[in-house]
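The entry is shown first, and the notes follow by topic.

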Amino acid sequence: MEYKNLKDLIKIIEVLRSKNGCVWDRAQTHESLTPNMLEEAYEAVEAIKEHNPEHLREELGDVLLQVLLHSQIAKESNEFDIEDVAKELKDKLIHRHPHVFGNRHALTPQDVVDNWEKLKQEEKTERKSRMDGIPLTLPALMACQKISKRAVKSGFEWDKVETLLDCIKSEYDEFKSAVESRNTDAMEDEMGDIFFATVNLARWYKIDAEEALLRANRKFMKRFGKMEELAIKPLEEYSFDEYDKLWKQAKKELRKT
């Protein structure tokens with residue numbers, strides 16, 4: 001199979017970055033494109049959740065654009081090009097799938113994950129801590145899940161879920177003490193501990209904390225939108241009791257649909 005469109009796309013990026021190309025594209029750097037990379041990735045995830053193939057195809061193209069732009073910028077600095085990116089990925093996939101391209105066996109998806117992690121550790125010899133390699137730019141909930149999962153692999157785990165629940169309760173008590181002392185730095189610190197312990201509770205029950213919060217966000221936005229539909233005056237003029245009644249009415253209406 002000849003990937004003509006992909007080859008044409010690579011050439012188009014070269015033209016856009018050339019002296020006779022686009023002034024915006026020529027001005028971009030790895031750093032300036034960073035927000036675009038994140039935004040396009042999140043938009044692709046949103047398309048996946050919509051189960052919309054046409055939208056997903058479009059968003060994956062936008063993600064690919066970011067990969068090609070970064071590769072072209074690197075090529076201009078004689079660092080690497082898209083062919084180098086593809087080769088490194090190809091070599092990695094072959095090496096990390098010995099059950100397909102070698103003589104190892106993997107009977108379950110978890111066997112594949114375990115083999116992948118072992119091979120990654122063998123490759124990343126410069127990493128001294130189990131925490132090395134977790135990107136600080138990850139969304140905080142995702143990073144927290146990765147941190148706690150790696151800690152658990154080394155045996156750092158609560159003995160039972162009741163102990164974890166007690167830990168969460170104690171974090172709330174410590175936050176209340178910080179509030180009472182009006183220590184804003186301690187309040188932020190203790191709130192972080194509440195989040196961290198709660199994410200571990202989600203991990204304990206094999207719940208994806210990031211997905212759970214996204215689900216809660218979507219649910220709240222939907223209910224709030226229904227409140228706006230049902231409101232007979234501006235929401236800003238509602239008292240707390242009126243707001244609470246409207247919220248319950250919105251929940252009831254949404255259950256009917």
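K233 is partly exposed, with a relative accessible area of 29%; here buried means under 20%, exposed over 50% and partly exposed in between, using a 1.4 Å probe and protein chains only. Its salt-bridge partner is E242, with the closest N and O atoms 3.3 Å apart, and E242 is likewise partly exposed, at 31%. The model is predicted, so local features need pLDDT of at least 70 and side-chain atom pairs count only at pLDDT 80 or more, while totals for chains, interfaces and linings use all residues. Residues are numbered from 1 along each chain as its sequence is written, and side-chain values use heavy atoms, leaving out hydrogens and water.

**Salt bridges**

- Eleven salt bridges are found in a search of the whole structure, each defined as a side-chain nitrogen of Lys or Arg within 4 Å of a carboxyl oxygen of Asp or Glu.
- E76 and R17 form a salt bridge through their side chains, at 2.5 Å from N to O.
- This pair links distant parts of the chain, with E76 in helix α4 (residues 53-76) and R17 in helix α1 (residues 4-17), 59 residues apart; helices (H or I, at least four residues) and strands (E, at least two) are DSSP runs numbered from the N terminus.
- R17 is buried, with a relative accessible area of 12%, whereas E76 is partly exposed at 39%.
- Another salt bridge joins the side chains of E157 and R203, at 2.9 Å from N to O.
- R203 is buried at 14% relative accessible area, and E157 is partly exposed at 33%.

**Packing of α8 and α11**

- Two packed helices are described by the angle between their axes and the distance between the axes.
- For α8 and helix α11 (residues 209-230), the angle is about 150° and the axes are 8 Å apart; axes are lines fitted to C-alpha atoms, for helices over the stretch in contact, and angles run from 0 to 180 degrees between N-to-C directions.
- α8 and α11 are therefore roughly antiparallel, the term for angles over 145 degrees, with under 35 counted as roughly parallel, 65 to 115 as roughly perpendicular and the rest as oblique.
- L141, M142 and Q145 in α8 meet A209, E210 and L213 in α11, where contact means heavy atoms within 4.5 Å.

**Nonpolar core**

- The largest nonpolar core has six residues: V161, L164, C167, I168, A197 and L201; such a core is a set of buried Ala, Val, Leu, Ile, Met, Phe, Trp, Tyr and Cys residues joined through side-chain atoms within 4.5 Å.
- α9 and α10 each supply at least two residues of this core, and the largest share, four residues, comes from α9.
- Leaving aside neighbours within four places in sequence, L164 is in contact with W158, A197, N200, L201 and W204.

**Positive phi outside glycine**

- N78, not a glycine, has a positive phi of about 60°; N78 is in the loop between α4 and α5 (82-95) and is exposed at 73% relative accessible area.
- K206, also a residue other than glycine, has a positive phi near 60°; K206 is in the loop between α10 and α11 and is exposed at 77%.
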